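Student: I would like to go through this model by setting each value against its definition. Could we begin with how the helices pack?

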Amino acid sequence: MPRKRKKKNYYFHEGTEKAIIRYNNSDNHILKNKIYNEHIRSAFDKLAENIIHTFKFYYFDVGSEEVKNEVVSFLVLNMHKFK
């Protein structure tokens, strides 16, 4: 009997992409905050964790949560470059 293929669980999917586009097109700060918290935050948190583990950012003097927050902050500051 053939094995079932495991469904990949991507943290960044089409819904997240559309949310980022809506975020970038909006000028309303309240709406931007709502879009970020509901659709983008979890993807950026997971992406930040993967970046930290991939590039082995373990050698900082601060805690891992603070490093993750810095990476997420960098991602948010550069989100306007996403097309």
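Tutor: The axes of α2 and α3 come within 9 Å and cross at roughly 120 degrees, where axes are lines fitted to C-alpha atoms, for helices over the stretch in contact, and angles run from 0 to 180 degrees between N-to-C directions. This is a predicted model, in which local features need pLDDT of at least 70, side-chain atom pairs count only at pLDDT 80 or more, and totals for chains, interfaces and linings use all residues. Residues are numbered from 1 along each chain as its sequence is written, and side-chain values use heavy atoms, with hydrogens and water left out.

Student: Why are α2 and α3 called oblique to each other?

Tutor: Angles under 35 degrees count as roughly parallel, over 145 as roughly antiparallel, 65 to 115 as roughly perpendicular and the rest as oblique. The α2 and α3 axes cross at roughly 120 degrees, and the two helices are therefore oblique to each other.

Student: Which residues of α2 and α3 meet?

Tutor: With contact meaning heavy atoms within 4.5 Å, Y36, F44, D45, L47, A48, E49, I51 and I52 in α2 meet S64, V67, K68, V71, V72, L75 and V76 in α3. By class, the residues of this contact are 11 nonpolar, 1 polar and 3 charged.

Student: At what angle do α1 and α2 pack?

Tutor: Helix α1 (residues 14–25) packs with α2 at about 145 degrees, their axes being 9 Å apart. The α1 side of the contact consists of T16, A19, I20, R22 and Y23, and the α2 side of K32, I35, Y36, H39, I40, A43 and F44.

Student: What lines the largest pocket?

Tutor: The lining consists of E49, I52, H53, F57, Y58, F60, V62, G63, S64, E65, V67 and K68. α2 (29–54) and α3 (64–77) are the elements that give two or more residues to this lining, and α3 gives the most, with 4 residues.

Note on methods
On a 1 Å grid over the protein atoms alone, a cavity is a set of points where a 1.4 Å probe fits but cannot get out, and a pocket is an open set with protein on both sides within 12 Å along at least five of seven lines; lining residues have an atom within 4 Å of a point. Ala, Val, Leu, Ile, Met, Phe, Trp, Tyr, Cys and Pro count as nonpolar, Asp, Glu, Lys and Arg as charged, and the others, Gly among them, as polar.
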